[in-house]
Amino acid sequence: MVFIILSNVIFGVVLIIFSIIAYIQTLDLPDRSALFPQIILYGMAITGVLMIIDALIKRKKQKEENESTLTKNTFIFHIVIPGAILLTAYGLLSQLGFYITSFLLIMVLFFYQTYRSYEAKLTVRHFLKGLLVATIVTVLMYVVFTVLLSLPTPSGRFF
C-alpha cells in the first residue's frame, strides 16, 4: 500500500514538472497553435496535483485496497488487443488519413468496449449507435483541428 501511495506521489510530481517544462516550450508558438497543447498541459498538471492529493488522502485514511495481479486474461484483453488496435490505426494513418482512421478507430473501440463491458453481441442498433458516435466525434475533431485551429492533419495516400 505504501509503495502505491509513494508511486502516485512521484508520478504526480513528474507530471507537474513535465507539464511546466512543456508549457514553457509552447510559449514560442503562435497563440492559435499553442492553444490546444497548453490546454492539454493544464489538464496534465491538474491530473498530477489530483494524484498527489489522492495519495495523501489514501495515506491519511490508511484504506486497505485489494491489489490485483496481472493475469493472462487481463494482459490479453486490456493490453495486447487494445495495443494491436492502436498499432493498426497507426499503420492506417499514412494510408487513409487522420479523419478516416480516427472514424474507424472510434468505431472499433466503441464495439470492443461494449463487448468487453457488457458482453453484448453486435446488433444493428448497436452498430448504428457506434456509427453515430464515431461520426459526431470525427466531425468535432474536424471542426476543432481544421476549422478553428487551422492545424494540418495527416493526409493519407488514398484520401
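Colleague: Which residues do the ring pairs link into a cluster?

Modeller: In this predicted model, ring pairs join Phe36, Phe98, Tyr99, Tyr142 and Phe145 into a cluster.

Colleague: Nice. How many aromatic pairs does the count come to?

Modeller: The count comes to seven aromatic pairs. One of them is Phe36 with Phe145: the ring centres are 5.4 Å apart and the planes sit at 85°, so this pair is edge-to-face.

Colleague: Why does 85° make the pair edge-to-face?

Modeller: Because planes over 60 degrees apart count as edge-to-face, and the planes of Phe36 and Phe145 are at 85°.

Colleague: Got it. Where in the chain do Phe36 and Phe145 come from?

Modeller: From distant parts, 109 residues apart. Phe36 belongs to helix H2 (residues 31–61), while Phe145 belongs to helix H5 (residues 124–148).

Colleague: And is Phe145 buried or exposed?

Modeller: Phe145 is buried, since its relative accessible area is 16% and the cut-off for buried is under 20%. Phe36 has a relative accessible area of 33%, which makes it partly exposed.

Colleague: What about Phe98 and Tyr99, how are those rings arranged?

Modeller: Their centres lie 5.1 Å apart with the planes at 75°, so Phe98 and Tyr99 are an edge-to-face pair too. Both residues are buried.

Colleague: Switching topic: which residue lies over the face of Phe77?

Modeller: That would be Arg116, at 4.1 Å from the ring centre of Phe77.

Colleague: Now the surface. Which residues make the nonpolar patch?

Modeller: Leu35, Ile39, Tyr42, Ile46, Val49, Leu50, Ile53 and Ile57 make a nonpolar surface patch of about 740 Å².

Colleague: There's a Tyr in there. Where is Tyr42 found?

Modeller: Tyr42 is in helix H2, the helix that also holds Phe36. With a relative accessible area of 46%, Tyr42 is partly exposed.

Colleague: Zooming out, how many helices and strands are there?

Modeller: The protein has five helices and zero strands, and along the sequence the pattern reads α-α-α-α-α.

Colleague: What share of the residues counts as buried?

Modeller: Of the 159 residues, 23% count as buried. The accessible surface comes to about 11700 Å², and 72% of that belongs to carbon and sulfur atoms.

Colleague: Last one: what percentage of the contacts join residues at least 24 apart?

Modeller: Taking contacts between residues at least 6 apart in sequence, 68% join residues at least 24 apart. The Phe36 and Phe145 pair, 109 residues apart, links distant parts of the chain as well.

Note on methods: Residues are numbered from 1 along each chain as its sequence is written. This is a predicted model: local features need pLDDT of at least 70, side-chain atom pairs count only at pLDDT 80 or more; totals for chains, interfaces and linings use all residues. Side-chain values use heavy atoms; hydrogens and water are left out. Rings of Phe, Tyr and Trp (its six-membered ring) pair if their centres lie within 6.5 Å; planes under 30 degrees apart count as stacked, over 60 as edge-to-face and the rest as tilted. Helices (H or I, at least four residues) and strands (E, at least two) are DSSP runs, numbered from the N terminus. Buried means under 20% relative accessible area, exposed over 50%, partly exposed in between (1.4 Å probe, protein chains only). A charge sits over a ring if NZ of Lys or CZ of Arg is within 6 Å of the ring centre and within 35 degrees of the ring normal. Patches are made of residues with over 30% relative accessible area and no salt bridge: like charges are joined within 9 Å, nonpolar side chains (Val, Leu, Ile, Met, Phe, Trp, Tyr) within 5 Å. Accessible areas come from the Shrake-Rupley method with a 1.4 Å probe; for residues, only the protein chains shown count as cover. A salt bridge is a side-chain nitrogen of Lys or Arg within 4 Å of a carboxyl oxygen of Asp or Glu. Contact means heavy atoms within 4.5 Å.
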